[in-house]
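Hi everyone, thanks for coming.

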Amino acid sequence: VIPADDRCPKCNGKKYVTEKKIFEVVIEPGMKHGEKIVMKGEAGYTQPGIAPGDLIFVLEQKEHEVFSRKGADLLMTKKITLTEALCGYTFEIDQLDGRKLVVTSKPGKVTKPDSWKCINDEGMPVHGAPFQKGNLYINLTVEFPTKLTESDCDKLRQILPQKCSYVPLPESDDEDQSMHTGEDDKEHVTTRDVNIEAELRNRKDFGKSHNYNDSSDDEEEEGARECSATSSKVSIQRRKKEKETGAELS
């Protein structure tokens, strides 16, 4: 214990003082989510005689409304119309540094749904090598029209190079497409739009509650095991009784 007369008026004998300090944290280009910035010995004293700890900042990367990050690469999704997919397109991308990137596809080059385009060196800088950058990958999704008129369909059949497989149904069959076509092995059916992931998830237990064969098989197996165990027990008891009878006779 330090005598009152010898105590420092600033720390009051605690041997350390509390102070506020402002740190300037530099986030270098290309640093990733979860990366740590360590400031040695800046955690402050907890008690006299023990060296101060380190002050550690952990980076938390916010989600971006357009881009997602994969290492040094950037990924994004761009929706284009069916007309743009067939006849060409031009769109702009607002890059993270404020530049506008203009992407163009010339007429005559068809863009397939869910195709990818790459712009080299337009991704994130590599940490430690800021002049080296990743790529920017663009996933192009095609938005199809929900409905076309009959005249539009006729025009498209004449323009598009592929053959159309559509065969009109007889007028009498328009209301009920499940009717037979007149050929024994063909029948018109009706389809519906589905979300296949949700559909399969909802139907994963389909048929299990009505599968009586599985439960009956299990019951038969259990019954067979019980019968086998019972017969073995009877056989052992008979042998034991025969031995006892033989001992009495002798």
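This is a predicted model: local features need pLDDT of at least 70, side-chain atom pairs count only at pLDDT 80 or more; totals for chains, interfaces and linings use all residues.

Residues are numbered from 1 along each chain as its sequence is written, and side-chain values use heavy atoms, with hydrogens and water left out.

Let's start with the layout. The chain has four helices and ten strands. Both kinds of element are DSSP runs numbered from the N terminus, helices being H or I with at least four residues and strands being E with at least two. Reading from the N terminus, the order is β-β-β-β-α-β-β-β-β-β-β-α-α-α. How many of the 250 residues count as buried? The share is 14%, where buried means under 20% relative accessible area, exposed means over 50%, and partly exposed is in between, with a 1.4 Å probe and protein chains only. As for contacts, meaning heavy atoms within 4.5 Å, we can look at those between residues at least 6 apart in sequence: 42% of them join residues at least 24 apart.

Now the sheet. Four strands form an open sheet in the order S3-S4-S10-S7, with mixed pairing. Two strands pair if DSSP finds at least two bridges between them. At the edges, pairing on one side only, are strand S3 (68-70) and strand S7 (115-119). On average, neighbouring strands here are turned by 30 degrees against each other, direction ignored. For that angle, axes are lines fitted to C-alpha atoms, for helices over the stretch in contact, and angles run from 0 to 180 degrees between N-to-C directions.

Let's walk across the sheet from S3. S3 pairs with strand S4 (residues 73-81) in the antiparallel sense over three bridges, and Ser68 has Leu75 in S4 as its bridge partner. These two strands form a hairpin with two residues between them, and in the turn Gly71 has a positive phi of about 70 degrees. Next, S4 and S10 run parallel and are joined by eight bridges. Finally, S7 and strand S10 (residues 136-143) run antiparallel, with five bridges. Which residue of S10 is the bridge partner of Thr77? That is Asn139, and Asn139 in S10 is also the bridge partner of Trp116.

Two loop residues next. Most residues other than glycine have a negative phi. Asp114, in the loop between S6 and S7, has a positive phi near 60 degrees. Asp121 sits in the loop between S7 and strand S8 (125-126), and its phi is positive too, about 60 degrees. Asp114 counts as exposed at 51% relative accessibility, and Asp121 is partly exposed at 49%.

Are they buried or exposed? Ser105 is buried, with a relative accessible area of 8%, whereas Thr104 is exposed at 52%. Not counting residues up to four places away in sequence, Ser105 touches Gly88, Tyr89 and Thr111.

Of its 15 lining residues, Leu82, Thr83, Leu86, Leu156 and Leu160 are closest to its centre. Helix H1 (82-87) and helix H2 (150-159) are the elements that give two or more residues to this lining.

Here is what the terms mean. On a 1 Å grid over the protein atoms alone, a pocket is an open set of points where a 1.4 Å probe fits, with protein on both sides within 12 Å along at least five of seven lines, and lining residues have an atom within 4 Å of a point. Grid points are joined across faces, edges and corners, and the volume is the space filled by probe spheres set on the points.

The second largest pocket has a volume of about 400 Å³. Its lining has 19 residues, and Met31, Gln61, Lys62, Arg69 and Met124 lie nearest its centre.
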